[in-house]
Amino acid sequence: MDLRARAGRAVSLLRYVTRTVRGLVQLPGFEGTRVTPRRWTNLVLNRWEHRSLRTTLRSYPIKLIVEVTNICNLRCPACFTGDEQQGRVRGHMSPELYARTLEELGPYLWRVEFCNWGEPLLGRHIVPMIEAATARGISTLISTNFSVPFDAGRAERLVASGLTILGVSLDGARQETYEQYRVRGDLETVLRNVRLVNDAKRKLGSKTPKLIWSFHVFSHNAGDVEQARARAAELDMEFAVEKGWVVGEEWDAGGRFDFYGNPRPFPCVPLWEWAVLNNDGGVAPCCGSFYREDDVGRVSAEAGDGGARTFREVWNGPALRRARGFYTRRDGDEAARRSICFDCPQTVIWERWLHHMGGGGLEQDFDPGFGQNDVFNYFWNRQKLHRPAGDAARAARR
Ligand SMILES: C[S@@+](CC[C@H](N)C(=O)[O-])C[C@H]1O[C@@H](n2cnc3c(N)ncnc32)[C@H](O)[C@@H]1O
Ligand code: SF4
């Protein structure tokens, strides 16, 4: 290896070490969390166990994603629920399951997010669930289509719950563009509901929830972005634009819009740092995973259903330990190879990265080989494995 190559390797290594140390100690960007010694200690331990690729963890997750309900009123075409795929039984999470999980994980959690693949504001128990997290000093977030029945009373209860962030998925500034993705949605209803929240915040003298207009841009609504930005400012909302994922080929690849986060070589964050709890007690390895067949375990939702008594049993259960192990060595028997994490782009990118760096490659020359749209399509295509008949029927209708 010549001097230039050695210097390049040393710089890559130094950058990696600096990033790792910074990643261990910096506070997570969750506003509104009460920092306690227990939360703090668990955070650093969790990150350490993540960076050192432990498979059995002493730490608990720092973020919990709760599928309050997997029911939705809209039909967004690139959403499993909007596309009417059946991942698991449709329904609401029981307050008892949520309370038990919060009791166990609450002292360690920095954030609870109340949405996965359904519409959280259709959840029957959403307000008391937020209140319980707030009472424990945990930052909370909802992402909603907000095209739902709502009134001043509900707005006041939502504000009073202490909700930290309310993200509103609003992909257009005109009904005719908005409804192309948010099928069945009504733009005026969404805007009226935002005003109700603003009124309630004023009435209760509350700074929260922070409102974010979340605009997913596609070819059909790209022309609305500036109008939407202006309306967001009028409504006292932050404005976030990100490229929308689509089934199949990425639209306008290399164009002016970008996805929220692009794949990079890093051991999968959800496998070590997040917990995804579905309405039926099924635990998913990450929020891309939709089918119950891809769950990594189950927390008991009702007596006699065979689920684990505690979340920790699943957290250190065989499926999650095996998935974490792929980041040290990606192999295994037939069952391991069929697991969703085995061929997941994140796992494959990490394996390629180790190969690249181990072979003397430079960090800046590394090509992950997957874009964010490919990652979405990887999860989307699990239906071919789990629901082949439904997939074929839908493809014929398109
Ligand atoms: C499946 S949704 C569930 C929450 C809620 N129903 C909503 O739509 O906001 C979870 C997140 O995925 C986002 N989402 C849906 N379709 C998307 C797409 N094609 N590209 C990027 N994000 C998308 C939603 O806007 C939301 O922030
Ligand atoms: S509103 Fe959310 S959950 Fe409902 S179909 Fe659209 S993206 Fe999916």
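## How do we know? Reading this predicted model

Q: Where is Phe-146 found?
A: Phe-146 sits in the loop between S3 and helix H5 (152-160). This is a predicted model, so the values below are computed from it.

Q: What makes the peptide bond between Thr-208 and Pro-209 a cis or a trans one?
A: Look at omega: its value is about 0 degrees, and the bond joining Thr-208 and Pro-209 is cis. Pro-209 lies in the loop between helix H7 (187-204) and S5.

Q: Why are helices H1 and H2 called roughly antiparallel?
A: The axes of H1 (residues 3-25) and H2 (residues 37-51) cross at roughly 150 degrees and come within 8 Å. Angles over 145 degrees count as roughly antiparallel, and that makes H1 roughly antiparallel to H2. On the H1 side the contact is made by Thr-20, Gly-23 and Leu-24, and on the H2 side by Val-44, Arg-47, Trp-48 and Arg-51. These contact residues divide into 3 nonpolar, 2 polar and 2 charged.

Q: Why are H3 and H4 called roughly parallel?
A: Here the crossing angle is roughly 10 degrees, for H3 (residues 95-105) and H4 (residues 126-135), whose axes come within 11 Å. Angles under 35 degrees count as roughly parallel, so H3 is roughly parallel to H4.

Q: What kinds of residue make up the contact of H3 with H4?
A: Pro-95, Tyr-98, Ala-99 and Leu-102 in H3 meet Pro-128, Met-129, Ala-132 and Ala-133 in H4. That gives 8 nonpolar residues, no polar ones and no charged ones.

Q: What makes S6 and S9 edge strands?
A: The 9 strands form an open sheet with mixed pairing, in the order S6-S5-S4-S3-S2-S1-S7-S8-S9. Strand S6 (238-243) and strand S9 (297-298) each pair on one side only, and they are the edge strands.

Q: How do you know that S1 pairs with S2 and with S7?
A: Two strands pair if there are at least two bridges between them. S1 (residues 63-66) is joined to S2 (residues 111-113) by 3 bridges, and these two strands run parallel. For example, Leu-64 has Val-112 in S2 as its bridge partner. S1 is also joined to S7 (residues 274-277), by 4 bridges, again in parallel. In that pair, Ile-65 has Val-276 in S7 as its bridge partner.

Q: How do you know that S7 and S8 pair, and in which sense?
A: There are 2 bridges between S7 and S8 (residues 282-284), and at least two are needed for a pair. The sense is antiparallel, and Val-276 stands opposite Ala-284 in S8. S7 and S8 form a hairpin with 4 residues between them, and Gly-281 in the turn has a positive phi of about 90 degrees.

Q: Which residues come nearest to ligand 1?
A: Of the 16 residues around ligand 1, these are Ala-78, Cys-115, Ser-143, Ser-169 and Gly-244. Strand S3 (139-144), strand S4 (165-169) and strand S5 (210-217) are the elements that give two or more residues to this shell. The shell holds 7 nonpolar, 8 polar and 1 charged residue.

Key: Residues numbered from 1 in each chain as written. Chains lettered and ligands numbered in written order. Predicted model: local features only at pLDDT ≥ 70, side-chain atom pairs only at ≥ 80, totals over all residues. Axes fitted to C-alpha atoms, helices over the stretch in contact; angles between N-to-C directions. Parallel < 35°, antiparallel > 145°, perpendicular 65-115°, else oblique. Contact = placed C-beta atoms within 7 Å. Nonpolar A, V, L, I, M, F, W, Y, C, P; charged D, E, K, R; others polar. Near = placed C-beta within 6 Å.
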